[in-house]
Amino acid sequence: MRLILLGPPGSGKGTQAQRLVQKHGIVQLSTGEMLRAAVAADTPIGLQAKDIMAAGGLVPDEIVIGIISDRIDQPDAKNGFILDGFPRTVPQAEALDDLLKKKRLKLDAVVELRVNESALLGRVEKRATETRARGEEVRADDTPEVLTKRLASYRAQTEPLIHYYSERRKLLTVDGMMTIEHVTGEINRILEALGATEPKAARRASPAKRSASGAARKGAKAPAKKAAAKAKGGAGKGTKKAATSARKARKAVSKAAKARGVGKAKKTVRQAAKRPAKKLTKKRAKR
């Protein structure tokens with residue numbers, strides 16, 4: 001299963017990604033974490049990114065795509081992955097499509113968590129107020145001012161992806177204003193309908209039940225095989241008997257034919273022997 005989660009900051013993408021990871025045994029791919037890991041591992045692409053990041057520049061799309069390419073080739077991504085925070089722009093989405101095509105992989109769905117921006121601002125303000133009330137320091141990126149800027153950036157750069165994936169029939173929209181549990185349930189329902197995940201009924205079947213089912217199928221096959229073998233054996237015996245009878249019948253007919261032939265020959269000899277004798281007797285009588 002390969003997914004992209006779309007939604008503005010604060011829509012709950014991270015929470016839902018973690019739930020999908022735990023439920024389906026896939027990996028969450030964050031571009032930030034992948035960049036840091038590539039730099040720490042001194043991979044060729046990581047070294048390129050390191051120089052750019054050290055200079056305070058933005059890492060180009062081709063380098064990010066290269067890091068994603070290396071990451072999804074790793075064994076833990078075999079069952080699938082969720083891309084969180086990428087793509088952010090239409091050119092990045094196009095580059096990702098090309099990458100997956102080259103690797104002969106298919107993107108199953110793009111899940112958009114649609115939320116009310118004013119409600120998001122209300123959430124952040126409430127969270128900041130509660131943090132201050134506890135005597136804790138509010139995070140710099142968790143204020144209404146920062147969120148407003150991030151929302152504006154999302155609308156300008158990332159929101160066009162909704163239209164991009166909608167045209168390709170990959171977009172699935174979920175109401176992100178529902179409770180966390182309801183959002184999770186709706187995402188799983190949609191993925192099951194798409195066939196991207198195993199249905200609930202199949203998941204509920206325990207290994208023991210599946211084994212029992214397999215044994216039952218094998219047990220049912222065994223009598224059938226025996227019956228087939230028996231029928232085959234019976235048919236073989238019947239065929240042999242029929243062949244023996246046919247041979248006997250042919251011998252009997254041949255014998256009878258020979259007997260009739262011999263009888264006719266004897267009769268002819270007797271008749272031939274009698275005819276000259278009668279004629280001779282008549283001639284002598286005339287003399």
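Thr184 lies in helix α9 (residues 180–194), where helices (H or I, at least four residues) and strands (E, at least two) are DSSP runs numbered from the N terminus. The structure is a predicted model, with local features requiring pLDDT of at least 70, side-chain atom pairs counted only at pLDDT 80 or more, and totals for chains, interfaces and linings drawn from all residues. Residues are numbered from 1 along each chain as its sequence is written, and side-chain values use heavy atoms, with hydrogens and water left out.

Thr184 counts as buried because its relative accessibility is 14%; buried means under 20% relative accessible area, exposed over 50%, and partly exposed in between (1.4 Å probe, protein chains only). Residues up to four places away in sequence aside, Thr184 touches Gln16 and Arg19, a contact being heavy atoms within 4.5 Å.

Gly10 sits in the loop between β1 (2–6) and α1 (13–24). With neighbours within four places in sequence set aside, Gly10 is in contact with Leu120 and Arg123. Leu120 is 110 residues from Gly10 along the chain, yet their C-alpha atoms are separated by 6.5 Å.

Now to a helix pair. Two packed helices are described by the angle and the distance between their axes. The axes of α4 (residues 61–72) and α5 (residues 90–102) come within 10 Å and cross at roughly 35 degrees; axes are lines fitted to C-alpha atoms, for helices over the stretch in contact, and angles run from 0 to 180 degrees between N-to-C directions. On the α4 side, Asp61, Ile65, Ile68, Ser69 and Ile72 meet Pro91, Gln92, Ala95, Leu96, Leu99 and Leu100 of α5.
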